[in-house]
Structures are given as C-alpha cells and as structure tokens.
Amino acid sequence: MKTFVCLKQVAARDSTLRVDDSGRWVRESDLGYEMNDPDSFALEEALRIRETHGGEVAAVSAGPARTASTIREALAKGADRGVLIEDDHFSRADAYTTAQALAAALKREERCDLVLTGLQSDDMGFGQTGVVLAELLGLPHATIIVEVSVEQDHVRVKRELEAGWFQDVELPLPSLLTIQSGINKPRYATLMGIKKAKTKPLQRYTTGELGIELSSSQLIRRLYPPQKQKETKFLEGAADDVAARLVEKLRFEARVL
Amino acid sequence: MSVLVVTEQQGGKWHKMSWEALAGGRQIAASLGSRVNAAVLGADVGPLARQLAACQVDEVFAVEHELLGQYSPDSYAFALRQLLDQVEPNVVLFPHTYQVRDFGPKLAASLGRPFLSDAIGAKYQDGELVFVRQLFQGKLNADVTLSGEPPFFASLQSGAFRADQLQKTETPAAVTQVEVTLSANDIRTRPGEPFRESKGEVDLSSAEIIVSVGRGIKDAENIPLAEELAEALGGEIAASRPICDNGWLPLERQVGSSGQTVSPKLYIALGISGAIQHVVGMKGSKTIVAVNRDSGAPIFELADYGIVGDLFEVVPALTKAVREAKES
C-alpha cells in the first residue's frame, strides 16, 4: 500500500488573531504554527494502514517554507518521506488553488493506492480540499470517514452521515478519503523518530517547477471580528458571588429556572 | 439571470436545511434582481417537486433517474452538470449538509470553478456578490468574492437563513422534468444503506435544560462536576465533539453538526470554545450561559450570560447556588 497523506500547517489553536493593516488577513507575526488537528488523524490512519498492509506513507503539503516543520513532524511520527510544494501564497490560498498544487505534485509521483486528507482545516475551514483533489486526480472519493478497512483491490469505509447515521461504502483503489477527527488516537513522536526524521527524504517543489500558476478563486475582501449576535451580560467576581447572581438572573430575568 | 437552489431529500423526505437554502436563494435573487429556481434530485420526486413549486420560486426542475435513488457523489455531480448545462444559472446554492460537502466541491471543480462553502450571509455590493464566511473556527468573519465567470457555487450554513420567511404561493410555479443520462458505470463507489448505530436512547432535542462540556473540562475525571450541575438543574448532560471522541461521554450526548441539534430553554456551555460545528447544534437555545477561561472564545458571541473564569471554581459554586435556590 502506498498512501499519500495531505497535511496543512495552520495557526496554532492558542494564537492571537489580529487583523493586519490590509484589513484582509491576520498579522502573521503574531502566529505560532502547528499541524492542522484534523490532519493528524489522517496521518495516524495512514501509518496504521502501513503497519497492517506494509508499503509506504508520504506526507505532502502545500505551504510557505515554514511548512517543512509540519512535514518533519509527520516524518518523526513515522511517515517515510515528505513532499512540500513551497510558496508563500499558500498560507491564504483557497481550497481549489491548494488542490491544484497538490494534484500537480501527486501527478509527478508514482501511482499510489490511497490519498488521505483531514476533514477540514482549523484556519480556513473550507472542508473540501480532499474532494476537489479527488476530482482533479480523477479518483473516486468518500468523505467524513470513521473506519477504514483495506482489502485486496478495494477499500471499505464507514462514512458518518448527519444526526447519528452512518453508511458503509466500497471504493476501488486508488481512491481518496477524508478522515473524520476522532477516528483514532494520533501517536506522539518518539525521540528516536525525531532523530530519524532528519535523515528522511523531503522532496521540495516550487510552483514554477510544477508548472502551476497560483491565482485566487476566492478573494477575501475584508476580515473582521464577528458582530455579536446577542448582548452578553458578563458576570464578574468571586465564584460564589457570580454563581448566586447567575441563578438569580436565570430565575427572574431569563425565567428559565 | 437566475439563482438555482439545489435542495436535498432522502427517500422522499426533505432535509430541513433545504428550506433555509431556498430562503437564502430568494434573498440573494432579490438583491440581484433575478429569478430563483429550485431543483430536486431523486428516483421519484414528483410529489416533492410539486411542494417546491408552491414555495415562492419561479421554476422547479425535477431531476429524476433510477440511479439517483441512492446518493453517490458521482451520480449527483454527473446529473447536476447536465442540469447546469441546460439551465445555465449564474448562482448555484446548496444547503451546507454533509451530503453537499461530499459532492458540491466536486461538481464545481469539474467545471473548473471554486465552491464557496458554509456561507453565513450574502449581499450584493458594488456590482459583486459578496458572501460572508467564518474563519479560524468562528473567531473572525471574512467578506469573500468569487473570481472568474459564473456560475458561482456556494453552500449556506445551517441557521444562516430563516426558513420561516418562506410563504406558500397560491399559483404554483411550473415543474420541468429534466432528462439526464446516467449509467451504472459512471458510479465508481458502492454505497450501502444508511444505518443508525446508537439506539438513540438519549433524545437531547426534547431536553429543557442542557449542561454541555467541552475541551475546557480537561479530563474524564472532571465530568462529574458538570453532571452534578445538570442533576441539580434537572437537565441533561451533553458535550462537544472532542469529549465524545475521547470517550468521556457517549456519542449520543454530542451536540453539533455531527451530533444532535438542540434548542432547550437553557443551555450552559462549560469550557466550550464555540467552534462552528458545535454552534450549529445549539444556537437555537433560548438562553445561553457560557463559562470559559478565554474572553475571546466565540461562544461569547451568542451567550446571554458570560462568565470569564475557571470552570473548576465556577461550576461547583453554581451547583451549590442552584440547589439552594431550589430548596428555598
């Protein structure tokens, strides 16, 4: 089994988000970066498939140069090699643009059996890069996957539907799956893994080398904090005092107790 | 110029977000000064198409084929491409359902077009259609435009448009049967019948009071803190996705896009940041209380009462205060 797992590097969960002077993006100097949390489940699933069926896991990402650290993290956790399509533009690229770049890089690689992605990114939240990538690569796909079992020439997956419903789907190989968060428990990198990662191959491409021109098909015109939908009454003070006042408000103001 | 709303049904039953998408479609069409049409796909959609026709639309397209009886991304994308070729709409709108997430971006990509997902609003401004999307887990909003030529594809978030704004019309719109060509060979995946796993023993949707926990609870050991508060209030305990993923509470207690949708009288969110996936499941609650360490957490955008602080101090105090109030 040869699996490509697509990873994105995103602003760390606890980053301070401030709109920059252009009014169209966040101040990147404020940000720390980490592997997109949903993607870590896709990586773990790829590693588990390799452990059962043998083969190779390649971690691929499109991002600025800093993204190499996320690929190294994947290598430290056990991926065999990395592919990075490097361009500053990717930090705010839309899903279609990113999928085009990933497709161009994967077409350069040997035929694989599976492509895995996370469900969505914690920054842009498009939730569609995998689906678009499948279309551009001409692969069948299934989304929001909570179980994967690889059989001879096909893969059986359990898809999550809404409101507690599920569905089993059978797909031929190769195909692309977007993995639901929580499908597994992602492993931590070991010290040995981190050491080994330094010597594992990382193939870098520029967009020029892949012959792709980056253009944005979704343009952010303005970025701003959301308008409050309600006027929140904030209660401050010692816990006992706050609790007593809240109960009073719930009883006599909101009348829900 | 026309706006096309692609509705969703399964086994002859509407997905209720279809009506919200239709309301969104009407609003967007009104701002563009264009017609609004609706499409419904399936094996047998006659009765559904007639219902749609009475809902303030200009024309209904009934896309029928036996291979559309069971959803697959290939069959839906293939059929809709044929519909788009015939109708040539400028804007194509969908409800942002799991199913649309599965085929919508594929459909758009097959035409070399972007797909704007999960919009919470739309306006026509300076000659351009501007959509509003949430970024960074709902912490920031963005006004977004799509470049290039129509059709423009977008999906609308649950609750972003109000279905109750739709009215029934006395003269129904025309229903057009749309012929599509599909063969079994076009469908590369083999979908099974949908099934339900949990017995659905917990019906949170009828609960009047819900105490819900998120990542801020930190450890399974701390869940009883929230359970005691729920018990004191006579309410149900619920959780955001990460808590159920960790197995700290059963999956059937999950609120959000992949769990249950609730609208209790009182919803108390403990250590829940307010990511979109959770919010869509609880924003219809009458009164919302949020306790969170982070004053910038998006949950405070929709809370009626907010406590910025340590839930490990606040929750026991609250349980005590509720018990005292009930005894008095």
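Author: Axes are lines fitted to C-alpha atoms, for helices over the stretch in contact, and the angles between N-to-C directions run from 0 to 180 degrees. Helices (H or I, at least four residues) and strands (E, at least two) are DSSP runs, numbered from the N terminus. The model is predicted, and local features need pLDDT of at least 70, side-chain atom pairs count only at pLDDT 80 or more, and totals for chains, interfaces and linings use all residues. Residues are numbered from 1 along each chain as its sequence is written, while chains are lettered from A and ligands numbered from 1 in the order in which they are written.

Reader: At roughly what angle do the axes of helix α3 and helix α4 of chain A cross?

Author: Helix α3 of chain A covers residues 95–108 and helix α4 of chain A residues 129–137. Their axes come within 8 Å, and the crossing angle is roughly 45°.

Reader: Which term describes the orientation of α3(A) and α4(A) to each other?

Author: Angles under 35 degrees count as roughly parallel, over 145 as roughly antiparallel, 65 to 115 as roughly perpendicular and the rest as oblique. The orientation of α3(A) and α4(A) is therefore oblique.

Reader: Is the crossing of α3(A) and α4(A) left-handed or right-handed?

Author: A crossing is left-handed if the near helix is turned anticlockwise from the far one by less than a right angle, and right-handed if clockwise. The crossing of α3(A) and α4(A) is right-handed.

Reader: How many nonpolar, polar and charged residues does the contact of α3(A) with α4(A) have?

Author: Two residues are in contact if their C-beta atoms, placed from the backbone, lie within 7 Å. Ala, Val, Leu, Ile, Met, Phe, Trp, Tyr, Cys and Pro count as nonpolar, Asp, Glu, Lys and Arg as charged, and the others, Gly among them, as polar. Residues of α3(A), including A:Tyr96, A:Leu102 and A:Leu106, meet residues of α4(A), among them A:Val132 and A:Leu136. By class, this contact has 10 nonpolar, 3 polar and no charged residues.

Reader: Which helix of chain B gives the largest share of the side that touches chain A?

Author: The contact takes 69 residues from chain B and 67 residues from chain A. On the side of chain B, the largest share is 8 residues, and the helix that gives them (residues 311–327) is α8.

Reader: How far apart are the axes of helix α6 of chain A and α8(B)?

Author: Helix α6 of chain A (residues 239–252) passes α8(B) in a right-handed crossing. The packing angle is about 50°, and the two helices are therefore oblique to each other. The distance between the axes is 8 Å.

Reader: How many charged residues are in the contact of α6(A) with α8(B)?

Author: Residues of α6(A), including A:Asp240 and A:Arg251, meet residues of α8(B), among them B:Glu313 and B:Lys320. Of the residues in this contact, 12 are nonpolar and none polar, and the number that are charged is 4.

Reader: How many residues of α4(B) are buried?

Author: A residue is buried if 20 or more other C-beta atoms lie within 10 Å of its own, exposed if 12 or fewer, and partly exposed in between, with C-beta atoms placed from the backbone. Among the buried residues of α4(B) are B:Arg101, B:Asp102 and B:Lys106. The helix is mostly covered, and its buried residues number 10 of 13.

Reader: How far apart are the end C-alpha atoms of helix α4 of chain B?

Author: The expected span of a helix is 1.5 Å times one less than its number of residues. The 13 residues of α4(B), residues 98–110, should therefore span 18 Å. In agreement with this, the end C-alpha atoms are separated by 19 Å.

Reader: At about what angle do α3(B) and α4(B) pack?

Author: B:Tyr76, B:Leu80 and B:Arg81 are among the residues of α3(B) that meet α4(B), where B:Phe103 and B:Leu107 are among the partners. The axes of α3(B) (residues 73–87) and α4(B) are 9 Å apart, and the angle is about 45°.

Reader: Which residue of chain A does B:Phe115 touch?

Author: B:Phe115 lies in strand β7 (residues 115–119) of chain B. It is buried, because 29 other C-beta atoms lie within 10 Å. Not counting residues up to four places away in sequence, B:Phe115 touches B:Gly104, B:Pro105, B:Ala108, B:Phe153 and, from chain A, A:Gln128.
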